[in-house]
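Could you walk me through this model in the viewer, one selection at a time? I would like to know what to pick next and what is there.

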Amino acid sequence: MPKRFRPMNWKNCTYKPCDSMRNLIFLILLLPVFSFSQSTIKYNLYIISDPKILKETIKKDPNKALVPIKDYVPNIALDIKYATTQNVFYTQLYKKPVALVRLPVAKALAAVQKDLNAQGYGLKIYDAYRPYSVTCQMFEMLPDTLYMGLPWTGSKHNRGIALDLTLIDLKTKKELKMPTPFDALVYAAHPEFMKLSEEVIKNRELLKTVMKKHGFKVDPMEWWHFNFVSDTVFELLDIPFEKMGF
Ligand SMILES: [Zn+2]
């Protein structure tokens with residue numbers, strides 16, 4: 001009988017079908033590990049979702065470190081709205097109130113705080129670094145292309161270079177009067193809106209001036225949102241706080 005028609009004797013055969021099955025199952029099990037450990041490309045965006053890859057970028061450029069703002073500005077007030085349900089979504093989006101930014105942003109905030117403290121004021125942070133998937137979650141809940149961070153571009157919050165903040169009185173710790181509450185999606189939130197009391201305009205202009213002096217640019221739609229201006233490309237990140245040890 002030609003060899004190829006000989007019945008298979010599995011006992012003597014070194015190749016066992018279960019070997020290939022086992023390899024296949026092993027590969028299938030590994031697949032999610034690979035897809036999580038790699039960075040993802042969504043809407044043609046490069047998004048880092050693995051803390052190890054972030055670490056590699058920091059090794060090459062220490063300014064890419066994502067640091068707690070409190071480490072650089074100890075007396076800064078935090079009121080991280082998305083760690084509560086007191087926000088425009090009535091939803092808690094962060095497990096913990098964490099405020100992280102890239103290293104040069106933290107240093108610039110320290111300079112802002114120093115200037116403000118000398119005048120009897122201080123900063124209060126509503127939001128800082130925000131994982132990319134939270135931006136997507138927000139857009140699903142409120143698909144507004146004017147005010148919301150867009151999933152197809154990502155937000156500067158996802159890059160660790162944007163902040164939502166306001167001013168407080170250093171003695172009373174109370175917020176200064178501003179044109180609208182945080183996250184009010186209304187025309188009065190535009191930073192150039194002028195149908196406001198003198199006091200409110202004075203407070204908003206103080207915030208804009210001191211932030212601009214230290215390298216921040218106010219968002220054209222939201223008086224509370226500032227982007228740090230830099231030539232460095234800070235990648236979009238989708239790493240939850242807890243994966244970074246916070
Ligand atoms: Zn913002």
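For the metal site, donors are N, O and S atoms within 2.8 Å of the metal (3.2 Å for Na, K and Ca), and water is not among the atoms, so sites may look incomplete. This is a predicted model, in which local features need pLDDT of at least 70, side-chain atom pairs count only at pLDDT 80 or more, and totals for chains, interfaces and linings use all residues. Residues are numbered from 1 along each chain as its sequence is written, and side-chain values use heavy atoms, with hydrogens and water left out.

Start by selecting the zinc ion: His157 (NE2), Asp164 (OD) and His225 (ND1) coordinate it at 2.0 to 2.1 Å. Along the sequence, these donor residues follow the spacing H-x6-D-x60-H.

Next, pick Glu222, which the UniProt annotation "active site" covers in an unreviewed entry. UniProt positions are in the numbering used here, feature names are shortened, and annotations may be inferred rather than shown by experiment. Glu222 is buried as well, with a relative accessible area of 8%. Show its surroundings: beyond neighbours within four places in sequence, Glu222 is in contact (heavy atoms within 4.5 Å) with Tyr147, Ala189 and Pro191.

Terms used
Buried means under 20% relative accessible area, exposed over 50%, partly exposed in between (1.4 Å probe, protein chains only).
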